[in-house]
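Student: I'd like to learn how to read a protein structure. Could you walk me through one?

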Amino acid sequence: NPVSQVVENDRGLWVAQLVEQRAAGTAPLAELKSRIERLVRNRKKVDLAASQLEVVRREVSGGATLAQAAQNAGLELRAPEAFARTGAVPGIGRSDEVIGAAFRLGKDQLSEVIKVAEGGYQGAYLLRQLEKMPVDEEQFAEQREEIATQLQTERQQEAVQNWFAHMYETAEIKDNRHRFFTF
């Protein structure tokens with residue numbers, strides 16, 4: 001059976017081997033049942049968590065502190081370390097919905113309930129901005145050239161990877177590995 005080249009991503013190195021090939025079409029329900037059940041269960045858990053946070057949000061809107069409302073609901077209130085728009089939130093991960101909502105908030109403003117139904121940190125989140133650190137213009141001016149060089153290098157690497165991917169996809173490749181690995 002054919003074996004792929006080594007492929008690297010953020011989770012490690014991978015080698016794949018074709019073990020089965022199926023005809024194109026819709027997968028049988030029996031094959032997908034456990035995955036569908038897991039997805040539905042996870043979404044229901046997220047919906048339940050979101051409904052709990054809606055109660056907390058209503059209490060805060062009625063004058064309670066966020067800490068009081070969270071305690072009344074039996075929830076833990078957490079204050080993560082500062083994070084950048086392009087980074088990850090400690091304890092939540094890289095959720096575009098959560099990070100985007102956090103950066104749209106004004107000082108002490110409470111977000112709407114945010115539901116994250118897919119990815120590693122599924123759940124519901126209610127945010128309040130504690131502090132927003134302004135950009136340090138002097139530090140940026142000092143690092144401007146370094147940042148520009150880094151971004152240019154990233155774009156060049158991206159261009160080479162795109163070119164290589166295009167060449168690989170459009171190339172006519174003849175697989176002769178069977179000749180080499182035949183004993």
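Predicted model: local features only at pLDDT ≥ 70, side-chain atom pairs only at ≥ 80, totals over all residues.

Student: What's the general idea behind a nonpolar core, and which residues make up the largest one here?

Tutor: In soluble globular proteins, nonpolar side chains tend to be buried together. Here, the largest nonpolar core has 11 residues: Val-89, Ile-92, Val-98, Ile-99, Ala-101, Ala-102, Leu-105, Ile-114, Val-116, Tyr-125 and Leu-127. Two elements, α3 (96-104) and β3 (114-116), each give two or more residues to this core. The largest share comes from α3, with four residues. There's also a second, separate core of 10 residues, including Ala-50, Leu-53, Val-60 and Leu-110.

Student: Now the surface. Which residues form a nonpolar patch there?

Tutor: Val-160, Trp-163, Phe-164, Met-167, Tyr-168 and Ile-173 do, and together they have about 710 Å² of accessible area. Take Phe-164, which sits in helix α4 (residues 137-170).

Student: Why does Phe-164 count as exposed?

Tutor: Exposed means over 50% relative accessible area. Phe-164 counts as exposed because its relative accessible area is 54%.

Student: And salt bridges? How many does the structure hold?

Tutor: The idea is a side-chain nitrogen of Lys or Arg within 4 Å of a carboxyl oxygen of Asp or Glu. This structure holds six. In one of them, the side chains of Glu-112 and Arg-57 meet at 3.2 Å, N to O. That pair links distant parts of the chain, 55 residues apart: Glu-112 is in the loop between α3 and β3, and Arg-57 is in helix α1 (residues 29-61).

Student: Are those two partners buried or exposed?

Tutor: One of each! Glu-112 is exposed, with a relative accessible area of 53%, whereas Arg-57 is buried, at 17%.

Student: Which residues are linked in a network of salt bridges?

Tutor: Glu-154, Arg-155 and Glu-158. Within it, the side chains of Arg-155 and Glu-154 meet at 3.8 Å, N to O. Arg-155 is partly exposed at 46% relative accessibility, and Glu-154 is partly exposed too, at 33%.

Methods: Residues numbered from 1 in each chain as written. Heavy atoms only, no water. Patch = residues over 30% accessible without salt bridge, like charges linked within 9 Å, V, L, I, M, F, W, Y side chains within 5 Å. Areas by Shrake-Rupley, 256 points an atom, 1.4 Å probe, with all protein chains shown as cover. Buried < 20%, exposed > 50% of the residue type's maximum accessible area, 1.4 Å probe, protein only. Core = buried A, V, L, I, M, F, W, Y, C linked by side-chain atoms within 4.5 Å.
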